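Opening the notebook on a new model today. I want to go through some side chains, a helix and the aromatic rings, and jot down what turns up.

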Amino acid sequence: MVKKVVNWKTAFLSLLVINILIAGIAIFLVLLPKHSKFNLSSREDDRKRVAFTIQSDKEDLNELIRYYLERETRRPLNYEVVLTDRVELRGEMTVFERDIPLTMTFIPEVQENGDVVLKQDSMSIGRLQVPVSMVLKYVGDNYPLPPWVKIIPNEQSIYVSLQELELQSDTKVEFTKFDVERDDIEFKLLVPVED
């Protein structure tokens, strides 16, 4: 009886260690970006990849967003992106040599390829009434953004091209769920297993 209890404990601890290792490797791969850029040529990648599904929450994703924005822009940020019940862009807009607080909220929509489109939901610029397309153009011209984030003023949206985000070991990221209201965020890490 004592031997069975010891074997059960050993098996349980081994399984726990394996789970922690897999989660640690997945997080490590996400946090090691290569130099990112938009690749205008749409070359197909037919390499075999293994998918790891990762469930996350707003708190962890806020940390990851902050990290990537700081690392990818390599400049001090004059804005922040925060997940609340929406995706919020908070910063300042200079008007007549005065800095006016700017807050824009977006609703994320996951695309078939795992990229995310942020559709503009609301906007606050002090008491000013300014067209959304003009504010988005201002953001695109004046905020340091990673090259895989495209502002589309005419469509009042921001396109986050995760397909263009280059991570260490050529790992790819695809969102499958991005429901910030319910704090239900899920994405896949696609790790290549052959050249």
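**Gln 120.** I started with the side chain of Gln 120: one of its polar atoms lies 3.0 Å from the backbone oxygen of Ser 122. This is a predicted model, so I read the distance as computed from predicted coordinates. Gln 120 sits in strand β5, residues 116-125. Buried or exposed, I wondered about Gln 120? It comes out buried, because its relative accessible area is 17% and the cut-off for buried is under 20%. Leaving out neighbours within four places in sequence, I get Met 104, Thr 105, Phe 106, Val 132 and Gln 156 as contacts of Gln 120.

Which residues touch the most other members of the largest nonpolar core? That core has 40 residues, and the answer is Met 104, Phe 106, Val 135, Phe 175 and Phe 178. Helix α3 (residues 132-142) supplies the largest share of this core, five residues. As background, nonpolar side chains tend to be buried together in soluble globular proteins.

**Helix α2.** I ran a length check on α2, residues 58-73. Its 16 residues should span 22 Å at 1.5 Å a residue, and the end C-alpha atoms are 22 Å apart, so the two agree. Then I listed the buried residues of α2: Lys 58, Leu 61, Asn 62, Leu 64, Tyr 68, Leu 69, Glu 72 and Thr 73. They cover an arc of only 165° around the axis, so they lie on the same side of α2. The general rule I had in mind is that an α-helix has 3.6 residues a turn, so residues three or four places apart point the same way.

**Aromatic rings.** How many aromatic pairs does a search of the whole structure find? I got four. One of them, Tyr 138 with Tyr 143, is edge-to-face, at 6.4 Å centre to centre and 75° between the planes. Both Tyr 138 and Tyr 143 are buried. For Phe 175 and Phe 178, the ring centres are 4.8 Å apart and the planes are at 25°, so I logged that pair as stacked. Phe 175 and Phe 178 are buried too.

Key:
Residues numbered from 1 in each chain as written. Predicted model: local features only at pLDDT ≥ 70, side-chain atom pairs only at ≥ 80, totals over all residues. Heavy atoms only, no water. Helix = DSSP H or I, 4+ residues; strand = E, 2+ residues; numbered from the N terminus. Buried < 20%, exposed > 50% of the residue type's maximum accessible area, 1.4 Å probe, protein only. Polar contact = N/O pair within 3.5 Å; in protein donor to acceptor, adjacent residues only side chain to side chain. Contact = heavy atoms within 4.5 Å. Core = buried A, V, L, I, M, F, W, Y, C linked by side-chain atoms within 4.5 Å. Expected span 1.5 Å × (residues − 1). Arc of directions from axis to C-beta. Phe/Tyr/Trp six-rings, centres within 6.5 Å; stacked < 30°, edge-to-face > 60°.
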